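Please take a moment to look over the model shown below, with its sequence alongside. The paragraphs that follow lead through it step by step.

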Amino acid sequence: EQKGAEAILPPGVYTLEDLKQFGEEKGWCPYFLARHMISYANVIVYNYQYMLDPKVSQLVSKELERECVVVFDEAHNIDNVCIEALSVNLRHMISYA
């Protein structure tokens, strides 16, 4: 994690494979490199579940600025994703004697 936090990528557009290769060359973890670079990025493309699911967004999306533009592709699925992310499943059986 430490090496990824020190990393600065040259300006550009990066795919997952690019991050893996860059991290391998520098000895940095691509995952932590990508998380660190979010705060420097002008545009981030990722699954909207990373922003909507509270469990995931606390880890991944908290570095985003409060004032940003968010564009949702496939927005017709957002209501289902929110319901799933904020729902609780109860599976406790009650026995009546």
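Predicted model: local features only at pLDDT ≥ 70, side-chain atom pairs only at ≥ 80, totals over all residues.

**Aromatic rings, core and salt bridge**

Phe-32 is partly exposed, with a relative accessible area of 24%, where partly exposed lies between buried, under 20%, and exposed, over 50% (1.4 Å probe, protein chains only).

Residues are numbered from 1 along each chain as its sequence is written, and side-chain values use heavy atoms, without hydrogens and water.The chain has a mean pLDDT (the predictor's confidence in each residue, from 0 to 100) of 76, with helix H2 highest at a mean of 87 and helix H1 (residues 2-6) lowest at 52; helices are DSSP runs of H or I with at least four residues, numbered from the N terminus.

The whole structure holds 2 aromatic pairs, that is, rings of Phe, Tyr and Trp (its six-membered ring) with centres within 6.5 Å, counted as stacked with planes under 30 degrees apart, edge-to-face over 60 and tilted otherwise. Phe-22 and Trp-28 form a tilted pair, 5.7 Å centre to centre with 55° between the planes. The rings of Tyr-31 and Phe-32 are edge-to-face because their planes stand at 75°, with centres 5.0 Å apart.

Phe-22 is buried at 13% relative accessibility, as is Trp-28 at 19%, and both belong to the largest nonpolar core, together with Leu-9, Leu-19, Leu-33 and Met-37. Such a core joins buried Ala, Val, Leu, Ile, Met, Phe, Trp, Tyr and Cys residues through side-chain atoms within 4.5 Å.

The structure also holds 1 salt bridge (a side-chain nitrogen of Lys or Arg within 4 Å of a carboxyl oxygen of Asp or Glu), in which the closest N and O atoms of Glu-17 and Lys-20 are 3.5 Å apart.

Definitions and conventions:
Helix = DSSP H or I, 4+ residues; strand = E, 2+ residues; numbered from the N terminus.
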